[in-house]
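Me: I'd like to learn how to read a few features here. Could you walk me through them?

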Amino acid sequence: MINLRLATPDDIDTVEAIMDDACKYLGSQGLPQWQNGYGPNRASLDNDVRLGHGYVLEADGAVRGYASLEPGPEDDYEALQNGSWEGPGEKYAVIHRVMVDQAVRGRRIGITILKMLVDEAHRMGFNDIRIDTYPGNTIMKKTVSQAGFTQRGEIMLNIPDGERIAYQILL
């Protein structure tokens, strides 16, 4: 049984362990994404939960994934380069901090959490959902595309190695 629910403070330790592993995994792939203190941390997870933006994916009774779903607008997404957003773009949601437990990596959990978050965003009244990833993160690029998102351009985060490919799905 797979289910998506809002994260609670009781989930933070488990999610933090998943996050720490995800950061190490990205580093082992030679990716600068989420490295050297420029990625998610305990404070960002706590903030997600406090604001009601953090979601956990449970599979077989255990937390196996995490992501945040936040209402836009976001300045980084407003400064899209080398492309354009489809639709009116006035009201959109953004998915951040997607991470999957290493114990279930390779079992399409990332695609599942993205599809479930798109459904959740739609229930919340959003028809435009956006996400981004580092250009060299081929696994996440494939996951995002397989979840139905279309590449729309590039954004630049105000951090080292901040270039990101931006994606969008319209419902």
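Me: Is D60 buried or exposed?

Reply: First, some background: this is a predicted model, where local features need pLDDT of at least 70, side-chain atom pairs count only at pLDDT 80 or more, and totals for chains, interfaces and linings use all residues. Residues are numbered from 1 along each chain as its sequence is written, and side-chain values use heavy atoms, with hydrogens and water left out. Buried means under 20% relative accessible area, exposed over 50%, and partly exposed in between (1.4 Å probe, protein chains only). D60 has 65% relative accessibility, so it counts as exposed. D60 also has a positive phi of about 55°, although it is not a glycine.

Me: How many aromatic pairs are there?

Reply: Rings of Phe, Tyr and Trp (its six-membered ring) pair if their centres lie within 6.5 Å; planes under 30 degrees apart count as stacked, over 60 as edge-to-face and the rest as tilted. By that rule there are two aromatic pairs. Take Y77 and Y92: their ring centres are 6.5 Å apart and their planes are at 50°, so this pair is tilted. Y77 is buried at 1% relative accessibility, and Y92 is buried too, at 0%. Ring pairs join Y77, W85 and Y92 into a cluster.

Me: Which rings does the charged end of R130 sit over?

Reply: A charge sits over a ring if NZ of Lys or CZ of Arg is within 6 Å of the ring centre and within 35 degrees of the ring normal. The charged end of R130 sits over the ring of W85, 3.9 Å from its centre, and over the ring of Y92, 3.7 Å from its centre.
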